[in-house]
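Let's take a walk through this one together, from single elements up to the place where the chains meet. Keep the viewer open as you read.

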Amino acid sequence: MKQTKKVFSILVILAIVLIFFDLPSPPSIDTKIFGIHIKKDFKTRLGLDLAGGTQLTLEADMVTIPQADRKDSLESAKQVIERRVNFFGVSEPVIQSVMSADVYRIIVELPGVTNTDEAITLVGQTAQLEFREFTQIAESTASAMIANTKSVGISGRDLKKATLQFNTQTGEPEVSIQFTPDGAKKFAEVTKRLIGLPLAIFLDDIVVMAPRVSTEIADGQGVITGSFTVDEAKQLSIQLNAGALPVPVKIIEKRTIGATLGADSVNKSIRAGVIGLGLVAAFMIVQYGWLGMLADIALLMYGLITLFLYRFIPVTLTLPGIAGFILSIGMAVDSNILIFSRYKEEFRRGKPWQIAMELGFGKAWESIRDANFTTIITSIILFNPGNWSFLPTSGLVRGFAATLFLGVVTSLFTGIVVTRTLIRMFYHGPKAAFQGRQV
Amino acid sequence: MIRFMKYIWIYALISGLVLLPGIYSLIIYGVKPSVDFTGGSVVEVKIQTPIEKTTIEEMVKSQKIPSVSIQKQDNATYLFRMGKVSEEQITEFLKTLQTKSEKPIDILRNDTIGPILGSELLFKSVIASLFAVVAILLYVAYAFKDIKSGVSAVLALIHDVLVVFGSFSLFGYFFGVEVDTLFMTAFLTTMSFSVHDTIVIFDRIREYRKRSPNANFSEVIDVALTETMGRSLINSFTIIFMLLALVLMGGETVRWFAVALLIGTITGTYSSPFVATPILLLWNRLEEKKKRR
């Protein structure tokens, strides 16, 4: 009993903490504990189908690009799109590259963007790298902008490759650039003319840097130095490659959901969930009386835990995801039903209720484990954690699989640990009416 | 104890009555694939000022939008399914639609799916189902140390899959319901449901066989079914409550998804005692006959 009381108090504290995190206006943690900086936002993430927005799937045409460079090219293209989207001011975009055997894809999720033309122009164009000089030499100490510079006639097409390397003397990271023969010729002319002056590098009309030219560069090889970190230098080389290797991309899928449809769906699903939950709760009480009531409390705990997990992991909630959650509520009471039925059986065979109850938990466990295992297998296949190309990778399917998986696993905990503790604390044997029931 | 196994022919009859129309429809009409499979565009628009359907039809025709179907969802919402159209064509189409309406139109959905993705989805769904079936078969066979249990469970699973597909073939023929990505998800979930209940029953059968190894197998099954029936029904009811709530109130987008899950749950619950278990029994009888010879 002492043990049970301990578990019970832990559960109560857990419930209070969870309620705090599950509040409609979620808290965010931004604090230092023992010198470790912890920062986390606890809010429900809604998928595009609920929040409204556009999802684009782009396929890169790699025909002209050598096998060895394809991975880098895709990565560059992704970086370019990321930069464009960020520059455009879309909040919380998700940009992923998907690669398998012969398929090179980029998936772009733009919450809140429902104008598809806008979205397509935003991501569909190829990157532009440009070298520019100041129009007035006097201004050369100011920061470079499109307005005060002019093109020197060298663009991404003249660049063969940019790579990250480390300076042989200082060991500092730098970016080496290599021009095509044509580009090298132009570059030599320009650098000769601009010795001592800045030469600005622009990507998609945004200045990346404006290094000062120190000598004429005739061999088509250049080095961009600066106080880069390794990551910055790598980033720059990726961006430069993006300008140099514009992978033609094609939109193969586009899904746009208006904000109103999403909001409408959320409201309807919540209503359906609440009514269904009420029915299940009432049904449990009708079937099992006080025991059903305790199972319902465990079910509330189940709700608190899953919502917390959605926010903590975080799981992006999609409409099928919510359906998966609602479905899992129906399944969550399954373990309790198995246990209670077992308990009733043992009790009818004449065992004292305490022993019948413990036997119920013990014997039901095997079926609970076996039965839930298949649902877990299916949800893992649907979620496709290894991102295998031969299994579904659709976000909608994943949303469903994620909530179903979490639901089943959580229900194993609440259905067994929570209910058991509640029963040990608050259940004092069947009422006379139930005791007299015979088969 | 109820003598469940005395009435195997009734279960066969019920399954037959449910399966035959579905299978017939599957063979003759097939299922109606959505743009997720065929590629094309779907545009859903809410128009505040009512526009005559004929006006819209004419508009679609004059803009040369290929293989279009127009469906009126409720009083103000229209769903347009189109063949291969360009983004410009859709933009143009929406602009003209706007000029016909006094109030601003609300674009609810605007999806374009390339044809490559469609065949990919089909391929992936098939692979995922095969994965699931093999994994379930192996798990059941492992858990029960008995290939017969595994095969019986999977046969019941195939029964359920056919019921779900058959129903959607009929829905497609009569109500124009399409089979899309969500349907494939529901169908995979049905597979795990189907086995869920079967395992609980088989588990009980195993327990009683251990307890009384000399008892008649069909009696063992009857006892096990009598005891698990209440639990199976109660459990399915809770799931059915949740799904019914979704079907009736969850809105247009998830309705048919929830219907597919609902049918899957019902047939999954039915097939465990009345398809999987009889198969296991008949198989056992067959083996015993062979042994006696």
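This is a predicted model: local features need pLDDT of at least 70, side-chain atom pairs count only at pLDDT 80 or more; totals for chains, interfaces and linings use all residues.

Is it buried or exposed? Setting aside its neighbours within four places in sequence, Phe217(B) is in contact with Leu281(B) and Asn284(B). As for Leu280(B), 63 residues away from Phe217(B) along the chain, the two C-alpha atoms are separated by 10.0 Å.

Now zoom out to the whole of chain B. It has 9 helices and 4 strands, and from the N terminus on they run α-α-β-α-β-β-α-β-α-α-α-α-α. The radius of gyration is 24 Å, well over the 19 Å that the globule rule gives for 293 residues, so chain B is more spread out than a compact globule. You can see this in its C-alpha trace, which spans about 80 × 35 × 30 Å along the principal axes. Of its 293 residues, 48% count as buried. Look at contacts between residues at least 6 apart in sequence, and 78% of them join residues at least 24 apart.

At 1.5 Å a residue its 14 residues should span 20 Å, and the end C-alpha atoms are 20 Å apart, which agrees. Which residues of H4(B) are buried? Ile90(B), Phe93(B) and Leu97(B) are. Looking down the helix axis, the buried residues fall within an arc of 60 degrees, so they line one face of H4(B). That buried set packs against strands S1 (40-46) and S4 of chain B. Turn to the face pointing away from the buried side and you'll find the exposed residues Glu88(B), Lys95(B) and Thr99(B).

Helix H3 of chain B, residues 53-62, is another story: it is hardly covered, with a count of 1 buried residue among its 10. Just after H3(B), Lys64(B) takes a positive phi of about 55 degrees.

On to the partner. Chain A has 13 helices and 15 strands, and 43% of its 439 residues count as buried. For chain A, 71% of the contacts between residues at least 6 apart in sequence join residues at least 24 apart.

So where do the two chains meet? There, 57 residues of chain A are in contact with 56 residues of chain B. Several elements of chain A each supply at least two residues to the side that touches chain B, among them helix H4 (116-124), strand S14 (249-257) and helix H12 (395-426). Helix H7 of chain A gives the most, with 14 residues. By type, this side of chain A divides into 30 nonpolar, 16 polar and 11 charged residues.

The chains also share strand pairing. S14(A) and strand S4 of chain B, residues 106-113, pair in the antiparallel sense over 5 bridges.

Conventions. Residues are numbered from 1 along each chain as its sequence is written. Chains are lettered from A and ligands numbered from 1 in the order in which they are written. Two residues are in contact if their C-beta atoms, placed from the backbone, lie within 7 Å. Ala, Val, Leu, Ile, Met, Phe, Trp, Tyr, Cys and Pro count as nonpolar, Asp, Glu, Lys and Arg as charged, and the others, Gly among them, as polar. Two strands pair if DSSP finds at least two bridges between them. The radius of gyration is taken over C-alpha atoms; the globule rule is 2.2 Å times the number of residues to the power 0.38. A residue is buried if 20 or more other C-beta atoms lie within 10 Å of its own, exposed if 12 or fewer, and partly exposed in between; C-beta atoms are placed from the backbone. The expected span of a helix is 1.5 Å times one less than its number of residues. The arc is that of the directions from the helix axis to the C-beta atoms.
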